[in-house]
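Dear colleague,

Please find below the structure that I am handing over to you, with its sequence. My notes on it follow directly after.

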Amino acid sequence: MRRVSTAGAVSLLLALLALVVAVPLSAPDGSGRQWDNLVLGVVGSAAAVRASRATRGMDRRTLVPWRLMAVCGSLFATASLLTGTGLTPAFGEVGVGDVLLLPAVCIPPLVCGLLASQVRSTRWPAPLVDGAMVTASLLVVSDVLVFSPAADVTPLAAAYGVYAAVAVGTAGALCTVSTRALRRSATAMIASTSLIALATVMLALGIADPSQAWQAVGDVAVVLALEASVLAITSSPLSCSRHEDPRAGAPRVNFLGLAITVGATVGLPVVLVSAVLRGQPLSAAAVVGTAGVVVLLLLRNTLRIRDSGRLIEDLVRTEEDFRELVESSSDGVAIVDGDHRLQFASRAARHLLGLPAEGPLSGSLLDRVDAEDHQRVGAALTAGAVLHFRVTDADGEPTDLEVTHHDRAAGDRRVLQLRDVTTRRRRERELERMAYTDHLTRLPNRAMLFQQMAGGTTERCLLVLDLDGFKAVNDEAGHEAGDHLLVEVAGRLRTVVREQDVVTRLGGDEFAVLVEGTLSEAVEAAQRIVDVLALPHRTAEWTFAIGASVGVSQLRPGSGQLAFREADAALRAAKQAGKGCLRVWDDGRGAQVADSDVATALAEGHVQLRYTLAGTTGEPLRSLHAVPVWQHRTAGLLPAAELWAAAGRQGQDALLQRWVLATATAHAVGLPRQLALAIDLPAGHVQVDQLADDVATALVTADLPAHRLCLALTEDALLTAPAALPGVLHELHAAGVRICLDDYGMGRTLVSHLSRIPLNSIRIDVSALGGRGDDEHTLRVVRAITANAEAFGLMVVAHGVEPGPLLDGVLDAGVQMVRSRATPQLVPIEEVAELLRVPAGEPALR
């Protein structure tokens, strides 16, 4: 809704001041120049212009009544200017001025009728009868109080008086009910029409008894009427057909219109009784008018009774329609009160809730819900969430229900929509089971293995095994026999491990076992597996003698993928040692490292940063991946995993984290500006409470721009880190630091990660994505990952791929940056500058 500008108030004030000067200069009998009419002409012209400007932007339906008001202002301004200049006789003396004034004063009641037509439920007989009744009442009152006592009333003065009654009665009755959006405009129009009526009454009085008092009151009423008309236009919405609020078109009572209607109806008997008490005789017109009002009252009551009957019929019909709609719906509808007691239930709801088909309702909704869901359902109903729970239906069958609910507009009752989702939930559970189950052996699959490794806090170990001689089974007996053999292997694996251990199939002839317990217990389980799988296997007409090689590694919190790589490396060592062997990943250096101090190694310079080069395709930009290594005095060069593990055992995680960030950023400052620096945040060793300060200190000390630093962390690091890590990553990302998700593709979806942390890139290990020797499957996975990452605007970095067709396919799949196994790795900082002189591009990466 638009509001009147300050210009309106200024115009009103100037008009009133001008009238103060002009009225004394104008003769009350209309002789001479009528200066007050000149002022009114100017005010009317200004109002017409303001009204026209206010209608800009209105749609056609809204525009019609306000264009008429602009025409009304123009007609009145013209008539006032003509009478004011003396070109035509003054108002009250029949001439051009009165001819122009007649249509001008008829337009406001017509506009009130147009406003009434925009009420949705307008039934014209009732407002028309109301208008006639109010008009007749006002005419009778005018006759008793004015016309009958007057000695001589000219026809023109009588006409002006009749107009006043008709205008006020019509406007008040028609605008008693208006829309919410037009209520202010309707009120302003009633006020404008009433003021015009007052001005015509003053004009009639001036004709009968010329006086500057009548003239002044009439002039002020005209000015206020014009301003009220402009206010009506500026208060109107630009469109009456496209309200943002659908309730804007609903009927609303206009209290000014109601006051006029009630005042006229109540005032008539008061005036008549007063006249009788004074002994004043009533004219024939007053008697006829009073009789007409009585007839109109009877007609109005008849219409009201008829409308009430129609409303009741409509209400009953609507209730029946809605009840039939509710009852015929396959979804159940129920209403409960604030204590969850059932107030209403449709046929479908009664069946779903196991209630009798007929009869009164009693008890609480929670009485129908399974006991284990009571507390959850009660809380969800209060909170207003969509919920699922299980009940027993009328057939005695367990049923899964999905319930959507909302509060009633009044009271504490709540409407529930119940839907039987038993079949859908069963399918969802089946799909979830299939997503984590190998279809052939019915064992958990690779995805379930990594999910299981991500959780848990007890001591656990991972066994990765590969069947020896399985390829010969497929070659000799066919793939069907091979499938039968795999099913038997799965059965045997289940028999040799404990119930708490998890047996999974990775793919092909590879299996894994997640063992709860110490490393010695895991070695014992691995030996049992080797022994039981060495026994002969019989499938249909064939008997096979195969075995298994097993790799074992310890699973530390948050190091699931690292443990898998270690177990896989141990498996390769077992395969190299011969069939039916098992190996534990240790590399023979654990005891030597255990006695060494990481803080001392840092102080003496034995811990160093080595860099691996990563290049982009199509651009000369390169990235350096900083990796801390330990040049141990006796054990040789220890990788980052062992360095961090030693730091964790000694409580030196924070010291090592701070050193890596400070040293890497200091090295990067002396390198080309387009070079990005990537630093890993190892799982289980991230010091979240110090990370933001360590990064900020390192960047400030080295004077390195934040966008050149990229922090990489694995899914394991996210799962095992404190809950504050996502918030810290958001803070660093906001400061410009890039965030990379390492080893993506082995666990949760990208959408799941992006809902928790900000990301700029993802890093994939190509060697871990597909089955061994199946490059096509691997490339399909890579293409799916790059398409998903591209949809979210993320860069994809690949590593763990040999130069050759697979690397070419990875680059063609859309990977923007790669670390090939042929790329120089673990290079000291002194050699980095020399490497950067080699022209960048794809050939160097291949």
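**Helix α2 and its two neighbours**

Helix α2 meets α8 through Asp36, Leu40, Val43, Gly44, Ala47, Arg50, Ala51 and Ala54, which touch Gln215, Asp219, Val222, Val223, Leu226, Glu227, Val230, Ile233 and Thr234 in α8; contact here means heavy atoms within 4.5 Å. By residue type, the contact of α2 with α8 divides into ten nonpolar, three polar and four charged residues. In this division Ala, Val, Leu, Ile, Met, Phe, Trp, Tyr, Cys and Pro count as nonpolar, Asp, Glu, Lys and Arg as charged, and the others, Gly among them, as polar.

This is a predicted model, in which local features need pLDDT of at least 70 and side-chain atom pairs count only at pLDDT 80 or more, while totals for chains, interfaces and linings use all residues. Residues are numbered from 1 along each chain as its sequence is written, and side-chain values use heavy atoms, with hydrogens and water left out. Helices (H or I, at least four residues) and strands (E, at least two) are DSSP runs, numbered from the N terminus.

The axes of α2 and helix α8 (residues 212-234) come within 9 Å and cross at roughly 5 degrees. That angle makes α2 roughly parallel to α8. Axes are lines fitted to C-alpha atoms, for helices over the stretch in contact, and angles run from 0 to 180 degrees between N-to-C directions. Angles under 35 degrees count as roughly parallel, over 145 as roughly antiparallel, 65 to 115 as roughly perpendicular and the rest as oblique.

With helix α3 (residues 60-85), the axis of α2 (residues 35-54) comes within 7 Å and crosses at roughly 160 degrees. The helices α2 and α3 are therefore roughly antiparallel to each other. The crossing of α2 past α3 is left-handed, a term that applies if the near helix is turned anticlockwise from the far one by less than a right angle, with right-handed used if clockwise. On the α2 side the contact includes Asn37, Leu38, Gly41 and Ser45, and on the α3 side it includes Ala70, Gly73, Phe76 and Leu81. The residues of the contact of α2 with α3 divide into nine nonpolar, eleven polar and no charged.

**The five-stranded sheet**

An open sheet of five strands has the order β9-β10-β8-β13-β14, and its pairing is mixed. Two strands pair if DSSP finds at least two bridges between them. At the edges stand β9 (502-507) and β14 (582-584), each with a single partner strand, so one side of each is left without a neighbour in the sheet. On average, neighbouring strands of this sheet are turned by 20 degrees against each other, direction ignored. Strand β13 (residues 547-555) runs parallel to β14, and three bridges join them; Val550 has Leu582 in β14 as its bridge partner.

Two helices contact this sheet. Helix α14 (residues 446-454) packs on the sheet and touches β8 (460-468), β9, β10 (510-516) and β13, with its direction at about 135 degrees to that of β9. Helix α17 (residues 519-533) lies across β8, β10, β13 and β14 and runs at about 170 degrees to β13.

**Other strand pairs**

Strands β3 (residues 332-336) and β4 (residues 342-345) run antiparallel and are joined by three bridges, with Ile335 opposite Phe344 in β4. Their hairpin has five residues between the strands, and His340 there takes a positive phi near 70 degrees.

Strand β22 (residues 795-801) runs parallel to β23, with four bridges between them. The bridge partner of Val801 in β23 is Ser820. Both faces of β23 (residues 817-820) are covered, with Met817 and Arg819 buried on one side and Val818 and Ser820 buried on the other. Buried means under 20% relative accessible area, exposed over 50%, and partly exposed in between (1.4 Å probe, protein chains only).

**Individual residues**

Asn474 lies in helix α15 (residues 470-477) and counts as buried, at 17% relative accessibility. Leaving aside neighbours within four places in sequence, Asn474 contacts His479 and Gly482.

Leu637, in strand β17 (residues 636-638), counts as partly exposed at 33% relative accessibility.

Asp703 is in the loop between α23 (688-702) and β19 (709-714). Its phi is near 60 degrees, a positive value in a residue other than glycine, and Asp703 counts as exposed at 64% relative accessibility.

With kind regards
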